[in-house]
Amino acid sequence: MKNIIIFGDSYSTYEGYIPEGYAVYYSGHRESPPDVFSVDKTWWRLLASETGARIVQNNSWSGSTIGFTGYNNSDTSHSSSFIYRFEKLWDEGFFDKNEIDTVLVFGGTNDSWSNAPVGEVKYETEREDLYCVLPAIAYFAKLLKERLPRADIRFIVNTELKASITEGMKEACAHCGVGTIVLENIDKVNGHPTELGMEQIKDQVKAAL
């Protein structure tokens with residue numbers, strides 16, 4: 001594990017460390033809990049520090065979904081969805097210019113919270129299928145495996161997701177030959193990791209890798 005790219009949501013953001021224009025959750029001047037006020041306290045920065053790995057890009061967008069349905073039934077097929085963000089990087093030649101050996105996908109939380117249609121796991125999809133959570137997760141896992149066959153790809157499965165999404169994500173990843181890291185007992189406030197929660201995420205991801 002040397003060169004990591006992260007595809008994430010609010011849990012993996014920090015102001016100044018994600019692409020310009022992406023929505024951010026964590027920063028040094030938040031006025032409400034959780035108490036993560038330094039980038040060095042984030043799970044991904046801790047992981048890089050302890051393993052010597054390099055975060056080539058942290059492609060995280062607060063409030064983002066893996067699939068194409070966001071909050072209030074919004075269409076994220078050409079904005080914040082994980083699928084679109086990966087496809088945009090691919091088309092821009094990011095993976096030709098950067099050697100990536102580890103892909104960490106930490107999503108599904110907003111797919112669960114937004115009440116997007118869940119659907120069923122399927123591996124042959126049409127574009128419209130990607131507006132449902134489980135077909136989108138399966139498509140994303142398959143896409144990553146096909147495009148980055150030599151990379152170690154892991155989906156980090158959050159706690160407190162809808163059971164159907166947790167089980168569907170595990171099933172889809174297993175089918176596509178992609179690893180999962182199923183989190184347990186993460187300390188949170190307002191649904192987001194505290195400093196302790198960040199440590200717990202780092203410890204569990206590090207142990208799995």
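Predicted model: local features only at pLDDT ≥ 70, side-chain atom pairs only at ≥ 80, totals over all residues.
We may begin with the overall dimensions. The chain has 209 residues, and its radius of gyration of 16 Å agrees with the value near 17 Å that a compact globule of this length would have. Along the principal axes, the C-alpha atoms occupy a box of roughly 40 × 35 × 30 Å. Buried residues account for 54% of the chain. Contacts across the sequence are well represented too: of those between residues at least 6 apart, 70% connect residues at least 24 apart.

Turning to secondary structure, the chain contains 7 helices and 7 strands. Their order along the sequence is β-α-β-α-α-β-α-α-β-α-β-β-β-α. An open sheet is built from 5 strands, arranged as β2-β1-β3-β4-β5 with parallel pairing. Its edges are formed by β2 (54-60) and β5 (179-182), each of which pairs on one side only. From one strand to the next, the twist averages 20°.

One end of this sheet can be followed at the residue level. Strand β4, which covers residues 152-157, pairs with β5 in the parallel sense over 4 bridges. Within this pairing, Ile156 has Ile181 of β5 as its bridge partner. Helix α5 lies across β4 as well as β1 (3-8) and β3 (102-106), and runs at about 160° to β4.

A search of the whole structure gives 16 aromatic pairs. One of them joins Phe86 and Phe95, whose rings are tilted, with 5.2 Å from centre to centre and 45° between the planes. Phe86 counts as buried because its relative accessibility is 0%, below the 20% cut-off. Phe95 also counts as buried, since its relative accessibility is 12%.

Phe86, Phe95 and Phe140 form one aromatic cluster together with Phe7, Phe82, Trp90, Phe94 and Phe155. Arg85 is placed over the face of Phe82, at 4.6 Å from the ring centre. Arg147 is placed over the face of Trp90, at 4.8 Å from the ring centre.

Gln200 is located in helix α7, which spans residues 195-208. Apart from its neighbours within four places in sequence, Gln200 is in contact with Asn185, Ile186 and Asp187. Gln200 and Thr13 are 187 residues apart in sequence, while their C-alpha atoms are 17 Å apart in space.

Terms used. Residues numbered from 1 in each chain as written. Heavy atoms only, no water. Phe/Tyr/Trp six-rings, centres within 6.5 Å; stacked < 30°, edge-to-face > 60°. Buried < 20%, exposed > 50% of the residue type's maximum accessible area, 1.4 Å probe, protein only. Lys NZ or Arg CZ within 6 Å of the ring centre and 35° of its normal. Pairing = 2+ DSSP bridges. Helix = DSSP H or I, 4+ residues; strand = E, 2+ residues; numbered from the N terminus. Axes fitted to C-alpha atoms, helices over the stretch in contact; angles between N-to-C directions. Contact = heavy atoms within 4.5 Å. Rg over C-alpha atoms; globule rule 2.2 N^0.38 Å.
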